[in-house]
Amino acid sequence: MNLPARILTIAGSDSSGGAGIQADLKTIQALGGYGMSALTAITAQNTLGVFGVHAIPAAMVAQQLEAVLDDPGVDAIKTGMLLNSRIIDAIAEVLDERGAGIPLVLDPVMVATSGARLIDEEAQESIITGLLARSALITPNLPEAEALTGLRITDQQSLEAAGHIIHDLGGNAVLIKGGHREGDEVVDYLFDGAEWTEFRAPRIQTAGGHGTGCTLASAIATRLGQGIELKAAIESAKLYLNGALQHAWPGLGKGTGPLNHGWMDADPGAR
């Protein structure tokens, strides 16, 4: 009997189901993994915005991690909204003790689409000192890459400078997402410490783009947990995300609608 890869997401809850833990678990399931979660925050939100956030106590976050690492075990980890330095430090401590060798995809949820900061400077520093060096991959968008480096990314030269700085902070691979740039293509840039690789996809015009960052990071983590090499894992995750965008439900809600995480079920050839 072939068991699925065991994928743990450490993130906040999106009560509207489009992002966060909910998007992660849908993605993991769609790609054939077994999803598990450690909740860091409860949010009250819908397609129009976030109306409330309640942090889970750091000790409880740590206890969730310890439980699933002990049983049934974990093949890959994805992190999303981590909210504060106490939670981040607790996660780092548990991973130090029990998470050796498990690939970690770090989605640094730091800056909202609106440009608003989602975590304070202390929490950002904890991400850098506590989790960055433990990650196999960090997946910042352009505003997050700017926040991590203090650089203003305006062209290819400044983007590559930011990639080198982030890599030097943690020694990990960096995927700078290009969705905030203009153009007919979305280009994500991977720097692994030795070379740059571009991942290109047509820009999909849709009002149903809520949860894209969560979905991409979870898809990459799932593929890594299934034993797929990093570049191939990113390529596969991008294909899945593009399908979820193409089949999105922009009319589901009055604001930015969710992706269709189950799109492959309606397209037998997609797998």
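The following questions and answers examine how several terms apply to this predicted model.

Q: Why is leucine 83 called buried?
A: Buried means under 20% relative accessible area. Leucine 83 has a relative accessible area of 18%, so leucine 83 is buried.

Q: What makes the phi of leucine 83 worth noting, and where is the residue found?
A: Phi of leucine 83 is near 75°, a positive value in a residue other than glycine. The residue is found in the loop between strand 4 and helix 3 (85–98).

Q: Which peptide bond is cis, and where is its proline placed?
A: The bond from aspartate 71 to proline 72 is cis, with omega near 15°. Proline 72 belongs to the loop between helix 2 (58–70) and strand 4 (76–79).

Q: Why is the contact of aspartate 75 and arginine 6 called a salt bridge?
A: A salt bridge requires a side-chain nitrogen of Lys or Arg within 4 Å of a carboxyl oxygen of Asp or Glu. For arginine 6 and aspartate 75 the N to O value is 2.9 Å, so the pair qualifies. The two residues belong to distant parts of the chain, 69 residues apart: aspartate 75 is in the loop between helix 2 and strand 4, and arginine 6 is in strand 1 (residues 6–14).

Q: Why does aspartate 75 count as partly exposed?
A: Partly exposed lies between the buried limit, under 20%, and the exposed limit, over 50%. Aspartate 75 has 25% relative accessibility and therefore counts as partly exposed. Arginine 6, with a relative accessible area of 28%, is partly exposed as well.

Q: What do glutamate 185 and arginine 200 tie together?
A: The side chains of glutamate 185 and arginine 200 meet in a salt bridge (2.7 Å, N to O). Glutamate 185 lies in strand 8 (residues 185–191) and arginine 200 in strand 9 (residues 196–202), so their contact joins parts 15 residues apart in sequence. Glu185, Glu198 and Arg200 are linked in a network of salt bridges.

Q: Are lysine 238 and aspartate 188 buried or exposed?
A: Both lysine 238 and aspartate 188 are buried. Their side chains meet in a salt bridge (2.8 Å, N to O). Lysine 238 lies in helix 8 (residues 230–246) and aspartate 188 in strand 8, so the pair connects parts 50 residues apart in sequence.

Q: What lines the largest cavity, and of which classes are the residues?
A: The largest cavity has a volume of about 30 Å³. Its lining consists of Gly80, Leu82, Leu83, Asp107, Pro108, Val109, Ile119 and Ile127. By class, 6 of the lining residues are nonpolar, 1 is polar and 1 is charged.

Terms used
Residues numbered from 1 in each chain as written. Predicted model: local features only at pLDDT ≥ 70, side-chain atom pairs only at ≥ 80, totals over all residues. Heavy atoms only, no water. Helix = DSSP H or I, 4+ residues; strand = E, 2+ residues; numbered from the N terminus. Buried < 20%, exposed > 50% of the residue type's maximum accessible area, 1.4 Å probe, protein only. 1 Å grid on protein atoms, 1.4 Å probe; cavity = no way out; pocket = protein on both sides within 12 Å on 5 of 7 lines; lining within 4 Å. Points joined across faces, edges and corners; volume = space filled by probe spheres on them. Nonpolar A, V, L, I, M, F, W, Y, C, P; charged D, E, K, R; others polar.
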